[in-house]
Amino acid sequence: MMMSCLPAVAADDYAEGARAFERRDYAAAHTIWAPLAKANNPRAQYGLGLLHANGWGTDRDALRAQHWYTMAAERGHPGAQYNLAVMRDTGNGIPRDSAQAGFWYTEAARQGLPSAAYNLALMTLAGDGLRREPAKAVAWLDRARPMDRARLITALPEVEVAVRAANIRAKPARDAEIVGNARRGERLRVFARQGEWREIWQMNAEGATRAIGWIAARLLDGLPAADAAAVRLDRFEYGPLTDLKARRARRPAPPTVATTTAGGDAAPASGRLLRNSGWLAGFDAFDVGETRGRAVRVATERLNVRAAPSTNAAVLLQVGHDDIVQVVGRRSGWRRILLPGQAGSGWVAAFLLGDYQPPPGEHLPGRAARIGARDVNLRGGPSMGARVLGQLTRGESVRIIDSHRGWREVTVPGTSRHGWVAAFLIAGETPPPMTTAENARSDDPVGESGG
């Protein structure tokens with residue numbers, strides 16, 4: 001009976017701390033929340049993050065704020081995820097890291113914070129800490145407030161189609177796939193330029209996206225001059241989210257300053273606006289690092305390995321600082337690793353992994369094997385229909401790390417190559433017998449390179 005009362009007691013203690021916080025007795029709030037935070041109460045951890053970030057009732061300490069925000073963020077608290085992203089975005093008391101900022105903005109945006117979605121849209125549009133993907137940026141922008149979406153659209157240069165019909169292509173090349181078309185007089189918004197091409201955003205009368213792609217500049221009227229100043233788009237930096245009574249952080253209040261400026265110098269880093277260059281700024285695609293198929297080092301004190309690529313997924317186990325793990329997959333800001341010392345795999349946050357160079361002769365995960373056929377396809381999944389990632393040659397060394405029916409998941413030692421190979425194309429391996437239904441589907445002849 002005493003055990004069943006503990007959650008209610010903890011909730012009462014938390015609420016007492018929240019009341020102290022609201023009457024600005026921050027020292028009392030700190031005293032009440034500290035033991036709850038150490039017992040992994042995410043709201044108390046978030047509260048301590050607020051206190052340390054602002055120097056309320058305790059010393060201002062960005063590192064302690066980061067610690068408590070991280071603890072709460074990993075337990076799914078959207079306010080902590082957002083504030084942690086802002087700290088990484090601004091470099092406010094800790095090193096600026098746009099990849100980490102993008103990761104935590106993503107987690108907060110998925111939980112419905114419109115400011116996080118807006119910031120994430122700008123980062124994705126600019127390729128700042130995340131791969132530059134305008135279509136994905138527009139999808140995040142749809143989760144922002146309508147007024148912020150409209151402000152961004154207004155800030156982008158507007159052009160007009162000057163010919164009867166213009167093809168919209170997937171890439172800035174005449175032989176690229178056609179993803180849409182625009183008619184004479186239609187107005188489009190411009191994201192970027194590359195040579196004689198312009199990347200455009202096509203919308204219908206209601207503002208819904210019809211296509212995002214590239215059009216030859218000679219087919220457009222009203223283009224900015226080549227030496228025109230770049231548009232400056234600035235990310236939100238809200239104050240603390242302090243709705244401490246809620247189990248989930250509330251959506252932030254409207255900002256107190258405008259968030260988009262055209263031309264001119266960017267706001268200073270110490271202000272309320274964060275610089276984010278707009279179009280014509282020479283964007284380069286950036287990713288958090290290709291680590292698939294490699295051994296990497298755990299770069300944090302304790303790293304949760306989760307069942308799925310989400311901070312809401314169940315924790316399978318924890319790995320410690322400087323542990324070496326093998327990456328076998330990726331998704332956005334997450335990496336799939338082999339579970340140390342046991343079968344199976346799990347997901348970890350990519351930014352908590354560091355580089356690792358194994359010494360010569362160090363044991364590699366998986367079982368050693370060799371390719372037993374000529375020109376074997378390395379595929380992206382255990383299927384004949386999966387994308388071909390490359391080819392392996394007869395006698396080439398691989399490590400088998402997983403199996404699925406008649407397929408083997410392999411890595412190539414000393415490289416980042418990783419994928420699936422038909423089992424019968426590996427020396428000494430044989431596939432399981434196919435069922436009648438599978439035999440019926442196997443009409444295509446399979447030679448040595450058929451895998």
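Trainee: How many aromatic pairs does the structure hold?

Mentor: The structure, which is a predicted model, holds nine aromatic pairs. One of them joins Phe21 and Trp33.

Trainee: Why is the pair of Phe21 and Trp33 called tilted?

Mentor: Start with the distance: the ring centres of Phe21 and Trp33 are 5.8 Å apart, and a pair needs centres within 6.5 Å. Then take the angle, which is 35 degrees between the planes. Stacked would need planes under 30 degrees apart and edge-to-face over 60, so what remains is tilted.

Trainee: What does the pair of Phe21 and Trp33 tie together?

Mentor: Phe21 lies in helix H1 (residues 2-22) and Trp33 in helix H2, so the pair ties together parts that are 12 residues apart in sequence.

Trainee: Are Phe21 and Trp33 buried or exposed?

Mentor: Phe21 has a relative accessible area of 6%, and Trp33 has 0%. Buried means under 20%, so that word applies: Phe21 is buried, and Trp33 is buried too.

Trainee: What makes the pair of Phe21 and Trp56 edge-to-face?

Mentor: Here the centres are 5.9 Å apart and the planes stand at 65 degrees.

Trainee: Why is Trp56 called partly exposed?

Mentor: Its relative accessibility is 24%. Buried would need a value under 20% and exposed one over 50%, so Trp56 counts as partly exposed.

Trainee: Which residues form one aromatic cluster?

Mentor: The cluster is made of Tyr14, Phe21, Tyr26, Trp33 and Trp56.

Trainee: Let's turn to the backbone. What is said of the phi of Asn40?

Mentor: Asn40 is not a glycine, yet its phi is positive, at about 70 degrees. You will find Asn40 in the loop between helix H2 (26-38) and helix H3 (42-54). With a relative accessibility of 37%, Asn40 is partly exposed.

Trainee: Where is Asp375, and how do you know that Asp375 counts as partly exposed?

Mentor: Asp375 sits in the loop between strand E17 (367-370) and strand E18 (376-379). Its relative accessibility is 28%, which falls between the limits of 20% and 50%, so Asp375 counts as partly exposed. Asp375 also has a positive phi, about 55 degrees, although it is not a glycine.

Trainee: How much of the chain is buried?

Mentor: Buried residues account for 47% of the 451 residues. The chain has 10 helices and 22 strands.

Trainee: Where in the chain is confidence lowest, and where is it highest?

Mentor: The lowest confidence is in strand E9 (residues 260-262), with a mean of 27, and the highest is in strand E2 (residues 165-169), at 96. The chain averages a pLDDT of 76, and 75% of the residues score at least 70.

Trainee: Where does pLDDT stay under 50?

Mentor: One stretch is residues 239-292, for which the model has 148 contacts beyond four places in sequence. Another is residues 435-450, with 17 such contacts. Where pLDDT is low, the predicted coordinates should not be read in detail.

Conventions:
Residues numbered from 1 in each chain as written. Predicted model: local features only at pLDDT ≥ 70, side-chain atom pairs only at ≥ 80, totals over all residues. Heavy atoms only, no water. Helix = DSSP H or I, 4+ residues; strand = E, 2+ residues; numbered from the N terminus. Buried < 20%, exposed > 50% of the residue type's maximum accessible area, 1.4 Å probe, protein only. pLDDT = per-residue confidence, 0-100. Contact = heavy atoms within 4.5 Å. Phe/Tyr/Trp six-rings, centres within 6.5 Å; stacked < 30°, edge-to-face > 60°.
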